[in-house]
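This report describes a protein chain, from its overall make-up to individual side chains. The sequence and coordinates follow.

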Amino acid sequence: MTPNEDQQFPPPLAAAMAVRLGCIGEDGVDFEPFEAFLTADETTDWLRSWTGNRELTGDGFRVGRKPKS
């Protein structure tokens with residue numbers, strides 16, 4: 001993934017993520033839909049922070065971006 005690569009979800013995934021469940025947070029359901037993907041650099045930073053491994057890259061991953069508040 002390159003830093004300028006499209007960060008939008010493919011249409012089928014975007015449609016699935018747009019569904020709001022009435023049971024979020026109930027009975028162990030924890031689903032938090034995002035609006036887009038992180039950039040490649042943001043994904044690498046996130047992955048390194050999460051694992052503590054400074055050698056990892058985010059090249060093989062796509063991580064959702066939280067909506068800006």
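Which backbone nitrogen does the side chain of E42 reach? The side chain of E42 reaches the backbone nitrogen of T39, at 2.8 Å. A polar contact is a pair of N or O atoms within 3.5 Å; within protein, one must be able to donate a hydrogen and the other to accept it, and residues adjacent in sequence count only if both atoms are side-chain atoms.

The model is predicted: local features need pLDDT of at least 70, side-chain atom pairs count only at pLDDT 80 or more, and totals for chains, interfaces and linings use all residues. Residues are numbered from 1 along each chain as its sequence is written, and side-chain values use heavy atoms, with hydrogens and water left out.

**Overall make-up**

The protein contains two helices and two strands, in the order α-β-α-β from the N terminus. Helices (H or I, at least four residues) and strands (E, at least two) are DSSP runs, numbered from the N terminus. Of the 69 residues, 22% are buried; buried means under 20% relative accessible area, exposed over 50%, and partly exposed in between (1.4 Å probe, protein chains only). The accessible surface comes to about 5,200 Å², with 53% of it belonging to carbon and sulfur atoms. These areas come from the Shrake-Rupley method with a 1.4 Å probe; for residues, only the protein chains shown count as cover. Among contacts with a separation of 6 or more, 64% are between residues 24 or more positions apart, a contact being heavy atoms within 4.5 Å.

**Helix α2**

Helix α2 has twelve residues and spans 16 Å from its first C-alpha to its last, close to the 16 Å expected at 1.5 Å a residue; the expected span is 1.5 Å times one less than the number of residues. Its buried residues are A40, T43, T44, L47 and R48. They lie on the same side of α2, because they cover an arc of only 130 degrees around the axis, the arc being that of the directions from the helix axis to the C-beta atoms. S49 and W50 are exposed on the other side of α2. Just after the helix, G52 takes a positive phi of about 80 degrees.

| Residue | Relative accessible area | Class |
|---|---|---|
| E42 | 30% | partly exposed |
| T44 | 11% | buried |
| W46 | 38% | partly exposed |
| W50 | 63% | exposed |

The side chain of T44 reaches the backbone nitrogen of G58 at 2.7 Å. Not counting residues up to four places away in sequence, T44 touches L56, T57 and G58. E42 lies 8.9 Å from V63, C-alpha to C-alpha, although the two are 21 residues apart in sequence.

**The aromatic pair**

A search of the whole structure finds one aromatic pair. W46 and W50 form this pair, which is stacked, with 5.4 Å centre to centre and 15 degrees between the planes. Rings of Phe, Tyr and Trp (its six-membered ring) pair if their centres lie within 6.5 Å; planes under 30 degrees apart count as stacked, over 60 as edge-to-face and the rest as tilted. W46 and W50 are separated by about one helical turn, because they are four residues apart in helix α2 (residues 40–51).

E35 is in the loop between α1 (11–17) and β1 (36–37) and is exposed, with a relative accessible area of 52%. E35 and M17 are 18 residues apart in sequence and 7.9 Å apart in space, C-alpha to C-alpha.
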